[in-house]
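Please walk me through this structure in plain paragraphs. I would like to follow how its parts pack against one another.

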Amino acid sequence: MGAMRQQFANLCIIMIMLAATSAFAADPILPDLKLTPGAVLTTDAAKICQPGYSREVRHTPGALKHQVYVEYGIDKDTGHYEIDHLIPLGIGGADSRENLWPESRDTKPWNAVVKDRLENYLHGEVCSGHFTVADAQIAIQSNWIAAYRKYLGEP
């Protein structure tokens with residue numbers, strides 16, 4: 001009877017360790033708002049709707065990208081990630097640490113490619129006058145998945 005209890009205890013420990021490893025190794029589908037609260041550079045639609053605007057304000061150095069990976073506890077070589085702007089540059093987000101997080105390209109269905117669709121949609125809506133810049137920024141900053149579902153449905 002004692003041997004069975006010990007085997008059961010060992011099995012429980014193994015299961016707890018596997019669950020903890022899976023939880024900590026999970027890709028961050030949503031950014032940690034303590035690490036990445038979001039940051040805004042502008043709310044001027046005339047600026048962000050100019051062709052080439054995002055390219056002009058994108059200057060994320062490699063050292064800053066490395067810092068983001070470290071703060072999130074992610075080895076960038078263990079998966080397919082990109083350092084993304086929580087509030088996209090195309091809707092006035094800042095190219096600063098507060099607005100950066102490692103986004104997975106592998107998670108399903110929510111990943112960098114899907115978020116890019118939302119970013120493009122919001123940029124188009126802002127530039128066509130259907131959304132204010134501030135409304136688009138708030139929608140994606142608070143929960144980009146909820147915003148995607150609200151405006152585009154399921155991926």
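In this predicted model, the axes of helices H6 and H7 come within 5 Å and cross at roughly 120°. Two packed helices are described by the angle between their axes and the distance between the axes. Angles from 65 to 115 degrees count as roughly perpendicular and those over 145 as roughly antiparallel, and H6 and H7 are therefore oblique to each other. On the H6 side, the contact is made by Ala139, Ile140 and Ser142; H7 contributes Trp144, Ala147 and Tyr151. By residue type, the contact of H6 with H7 divides into 5 nonpolar residues, 1 polar residue and no charged ones.

Helix H6 spans residues 133-142, and its buried residues are Val133, Ala136, Gln137, Ala139 and Ile140. Seen down the axis of H6, these residues fall within an arc of 165°, so they line one face of the helix. An α-helix has 3.6 residues a turn, so residues three or four places apart point the same way. On the other side of H6, Ile138 and Ser142 are exposed. The cover over the buried residues of H6 includes helix H7 (144-152), along with helix H2 (45-48) and helix H5 (112-127).

A search of the whole structure finds 6 aromatic pairs. One of them joins Tyr121 and Phe131 edge-to-face, with 6.2 Å centre to centre and 80° between the planes. Tyr121 lies in helix H5 and Phe131 in the loop between H5 and H6, so this pair ties together parts that are 10 residues apart in sequence. How do the two residues stand in terms of accessibility, buried or partly exposed? Tyr121 has a relative accessible area of 25% and is partly exposed, whereas Phe131, at 19%, is buried.

Phe131 also pairs with Tyr151: the ring centres are 5.1 Å apart and the planes are at 55°, so the pair is tilted. This pair links distant parts of the chain, with Phe131 in the loop between H5 and H6 and Tyr151 in helix H7, 20 residues apart. Tyr151 has 26% relative accessibility and counts as partly exposed. Tyr151 is also one of the H7 residues that make the contact with H6. Elsewhere, ring pairs link Trp110, Trp144 and Tyr148 into a cluster. Of these, Trp144 is among the H7 residues in the contact with H6.

Lys108 and Pro109 are joined by a cis peptide bond, with omega about 0°. Pro109 lies in the loop between S2 and H5. Ser96 lies in the loop between strand S1 (81-85) and strand S2 (100-104). The cut-off for buried is under 20% relative accessible area, so Ser96, at 17% relative accessibility, counts as buried. Ser96 and Thr36 are 60 residues apart in sequence, and their C-alpha atoms are 9.8 Å apart in space.

Finally, the chain as a whole. Of its 155 residues, 37% count as buried. Among the contacts in the protein chain with a separation of 6 or more, 71% are between residues 24 or more positions apart.

Terms used: Residues are numbered from 1 along each chain as its sequence is written. This is a predicted model: local features need pLDDT of at least 70, side-chain atom pairs count only at pLDDT 80 or more; totals for chains, interfaces and linings use all residues. Side-chain values use heavy atoms; hydrogens and water are left out. Buried means under 20% relative accessible area, exposed over 50%, partly exposed in between (1.4 Å probe, protein chains only). Helices (H or I, at least four residues) and strands (E, at least two) are DSSP runs, numbered from the N terminus. The arc is that of the directions from the helix axis to the C-beta atoms. Contact means heavy atoms within 4.5 Å. Axes are lines fitted to C-alpha atoms, for helices over the stretch in contact, and angles run from 0 to 180 degrees between N-to-C directions. Angles under 35 degrees count as roughly parallel, over 145 as roughly antiparallel, 65 to 115 as roughly perpendicular and the rest as oblique. Ala, Val, Leu, Ile, Met, Phe, Trp, Tyr, Cys and Pro count as nonpolar, Asp, Glu, Lys and Arg as charged, and the others, Gly among them, as polar. Rings of Phe, Tyr and Trp (its six-membered ring) pair if their centres lie within 6.5 Å; planes under 30 degrees apart count as stacked, over 60 as edge-to-face and the rest as tilted.
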